[in-house]
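Good morning, and thank you for making time for this presentation. I would ask you to keep the structure in view while I speak.

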Amino acid sequence: MAFLWGVSSSLWPAIARGESPAVISVSEQTQIQTAEQFVDALFGNNFDLAWSYLHPQLQKEFPLKRLEKRKARFLKRVGAYKERLGSKSNGNIVSVKVAFAKVTDTLIVIMDSNGKITGVDFPATPDDLSAQPLPSPSRP
């Protein structure tokens, strides 16, 4: 399920287009940190901060009010945000594992060579086979 998708193909990093990886001018750790800070800001309702991590073209396509509406619609599908569980980077794509009330899955954050976010995708819906249901609380 696309969360923030729709940026022109000229912004997509080479790796996302299936070409050789683009020269990335920020470290892997910086990319992970940016993706995590974006997720924390977005689901912590700090929309100004979350929006600041987006590429200028994505900012044009998702003004603050639209970003807020997209997040609210998204949470209706997956349930309330619980916590961020971990992250890893592969080129200019950062995978951020996140727990929501109805599902635990991975947000895919795509960045340009300067570390600005050019796309965010959440591949699963609560009834998707790739989503992991939350474990049932154990009873004593």
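Predicted model: local features only at pLDDT ≥ 70, side-chain atom pairs only at ≥ 80, totals over all residues.

Let me begin with F43. F43 has a relative accessible area of 10%, so this residue is buried, the cut-off being under 20%.

Which residues share an aromatic cluster with F43? The cluster is formed by F43, F74, Y81 and F100. Across the model, the count of aromatic pairs comes to 5. In one of these pairs, the ring centres of F43 and F74 are 6.1 Å apart and the planes meet at 35°, so the pair is described as tilted. F43 belongs to helix α1 and F74 to helix α4, and the pair links distant parts of the chain, 31 residues apart. F74 has a relative accessibility of 2% and therefore counts as buried.

The rings of F43 and Y81 make another pair: their centres are 5.0 Å apart and their planes are at 10°, so this pair is stacked. Here too distant parts of the chain are linked, since Y81 is in strand β2 and lies 38 residues from F43 in helix α1.

Let us now turn to the nonpolar core. The largest nonpolar core contains 28 residues, and F38, F43, F74, V96, F100, L107 and I117 are those with the most contacts inside it. At least two residues of this core come from each of α1, α2, α4, β3, β4 and β5. Which of these elements gives the most to the core? The answer is α1, with 7 residues.

Helix α1 runs over residues 28–43. Its buried residues include I32, A35, F38, V39, L42 and F43. There is also a simple check on its geometry. At 1.5 Å a residue, the 16 residues of α1 should span 22 Å, and the end C-alpha atoms are 23 Å apart, which agrees.

What follows α1? Just after this helix comes N45, with a positive phi of about 65°. Most residues other than glycine have a negative phi. N45 takes its positive value although it is not a glycine. The residue lies in the loop between α1 and α2, and its relative accessibility of 47% means that N45 counts as partly exposed.

Next, helix α4, which covers residues 64–78 and includes L64. L64 has a relative accessible area of 27% and is therefore partly exposed. Leaving aside neighbours within four places in sequence, which residues does L64 contact? They are F47, D48 and W51. For a sense of distance, the C-alpha atoms of L64 and S52 are 10.0 Å apart, while the two residues are 12 positions apart along the chain. Also in this part of the sequence, the charged end of R66 sits over the ring of F62, at 4.4 Å from the ring centre.

I come now to the strands. Strand β2, residues 81–90, runs antiparallel to β3 and is joined to β3 by 8 bridges.

How many residues of β4 are buried? The number is 6 of 8, and β4 is thus mostly covered.

Finally, β4 pairs with β5 over 4 bridges, again in the antiparallel sense. Within this pairing, I108 has D121 in β5 as its bridge partner. The hairpin of β4 and β5 has 5 residues between the strands, and G115 in the turn has a positive phi of about 85°.

Let me close with the chain as a whole. It contains 4 helices and 5 strands, arranged along the sequence in the pattern β-α-α-α-α-β-β-β-β. Of the 140 residues in the chain, 42% are buried. Among contacts between residues at least 6 apart in sequence, 55% join residues at least 24 apart. The pair of F43 and Y81, 38 residues apart, links distant parts of the chain in this way. Thank you for your attention.

How values were computed. Residues numbered from 1 in each chain as written. Heavy atoms only, no water. Buried < 20%, exposed > 50% of the residue type's maximum accessible area, 1.4 Å probe, protein only. Contact = heavy atoms within 4.5 Å. Core = buried A, V, L, I, M, F, W, Y, C linked by side-chain atoms within 4.5 Å. Expected span 1.5 Å × (residues − 1). Pairing = 2+ DSSP bridges. Phe/Tyr/Trp six-rings, centres within 6.5 Å; stacked < 30°, edge-to-face > 60°. Lys NZ or Arg CZ within 6 Å of the ring centre and 35° of its normal.
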